Amino acid sequence: MAFEFPVRIYWEDTDAGGIVFYANYLKFFERARTEWLRSLGVGQQLLREHTGGMFVVTDAQLRYHRPARLDDELIVTAALQDAGRASLTIVQQALLKPEQMTDQPPTLLTEGTIRIGWVDAATMRPARIPSPLLEQLTP
């Protein structure tokens, strides 16, 4: 089951054509991943302070299906697809929330696969995800 995070589209999110600027979906996905981790009891600042490590994006693949526009309400999801010893692969979607009082499912706008790697925060060199953290993140 995917974690869900609500996002409202504001003027600052749109381009000259009145649609969400394509790079902003990366910001929405980042927020959803951060809140997904927080929902599992993992605060990234505390994690860095206690372990000396942190997650960094190592790969991002996005596919755009339909645009979002000003005032749209989105549901941004995050779900763990794969967990390795040094990285996690998370699948994400940005969905247009249906209008109130309808039975329609959300409309897929953008989908992505994001790989985050674990690094030593001081050296930025790849490292193994601490076992207790990996157990906390995987079902």
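**Exercise 1. Two loop residues with positive phi**

Task: State in which loop Asp71 has its place, and give its phi.

Solution. Asp71 is located in the loop between E2 and E3. Here helices (H or I, at least four residues) and strands (E, at least two) are DSSP runs, numbered from the N terminus. The model is predicted, so local features need pLDDT of at least 70 and side-chain atom pairs count only at pLDDT 80 or more, while totals for chains, interfaces and linings use all residues. Residues are numbered from 1 along each chain as its sequence is written, and side-chain values use heavy atoms, with hydrogens and water left out.

The next step is the backbone angle. Most residues other than glycine have a negative phi. Asp71, which is not glycine, has a positive phi near 75°. Met124 also has a positive value, near 65°. Met124 belongs to the loop between E5 and helix H3 (131-137).

Task: Is Met124 buried, exposed or partly exposed?

Solution. Buried means under 20% relative accessible area, exposed over 50%, and partly exposed in between (1.4 Å probe, protein chains only). The relative accessibility of Met124 is 44%, so Met124 counts as partly exposed.

**Exercise 2. The overall architecture**

Task: Determine how many helices and strands the protein has, and in what order they follow one another.

Solution. The protein contains three helices and five strands. Read from the N terminus, the elements run β-α-α-β-β-β-β-α. Along the principal axes, the C-alpha atoms fill a box of roughly 45 × 35 × 25 Å. Of the 139 residues, 35% are buried.

**Exercise 3. The sheet**

Task: Describe the order of the strands in the sheet and identify the edge strands.

Solution. Two strands pair if DSSP finds at least two bridges between them. On this basis, five strands form an open sheet with the order E1-E3-E4-E5-E2 and antiparallel pairing. Strand E1 (3-8) and strand E2 (53-64) are the edge strands, as each pairs on one side only. From one strand to the next, the twist averages 25°. Axes are lines fitted to C-alpha atoms, for helices over the stretch in contact, and angles run from 0 to 180 degrees between N-to-C directions.

Task: Find how many bridges join E3 to E4 and E4 to E5.

Solution. E3 and strand E4 (residues 87-96) run antiparallel and are joined by nine bridges. These two strands form a hairpin with three residues between them. Val76 stands opposite Ala94 in E4, and Leu80 stands opposite Ile90 in E4. On to the next pair: E4 and E5 run antiparallel and are joined by ten bridges. Leu95 stands opposite Leu108 in E5.

Task: Explain why E4 is described as largely enclosed by the rest of the structure.

Solution. Seven of the ten residues of E4 are buried, and therefore E4 is largely enclosed by the rest of the structure.

**Exercise 4. Gly52 and its contacts**

Task: Locate Gly52 and name residues that it touches.

Solution. Gly52 is in the loop between H2 and E2. Its relative accessibility is 31%, so Gly52 counts as partly exposed. Contact means heavy atoms within 4.5 Å. Not counting residues up to four places away in sequence, Gly52 touches Leu47, Val119, Asp120, Ala121 and Ala122. Arg128 lies 76 residues from Gly52 along the chain, and 12 Å separate their C-alpha atoms.

**Exercise 5. The two largest pockets**

Task: Give the volume of the largest pocket and the classes of its lining residues.

Solution. On a 1 Å grid over the protein atoms alone, a cavity is a set of points where a 1.4 Å probe fits but cannot get out, and a pocket is an open set with protein on both sides within 12 Å along at least five of seven lines; lining residues have an atom within 4 Å of a point. Grid points are joined across faces, edges and corners, and a volume is the space filled by probe spheres set on the points.

The largest pocket has a volume of about 220 Å³. Twelve residues line the largest pocket, and Glu73, Leu96, Lys97, Pro98 and Glu99 lie nearest its centre. Ala, Val, Leu, Ile, Met, Phe, Trp, Tyr, Cys and Pro count as nonpolar, Asp, Glu, Lys and Arg as charged, and the others, Gly among them, as polar. The lining comprises three nonpolar, three polar and six charged residues.

Task: Which element gives the most to the lining of the second largest pocket?

Solution. The second largest pocket holds about 150 Å³ of space. Its lining includes Phe3, Trp36, Leu80 and Pro139. Helix H1 (24-39) and strand E3 (73-83) each supply at least two lining residues. E3 gives the most, with three residues. By class, this lining has ten nonpolar residues, one polar and no charged.
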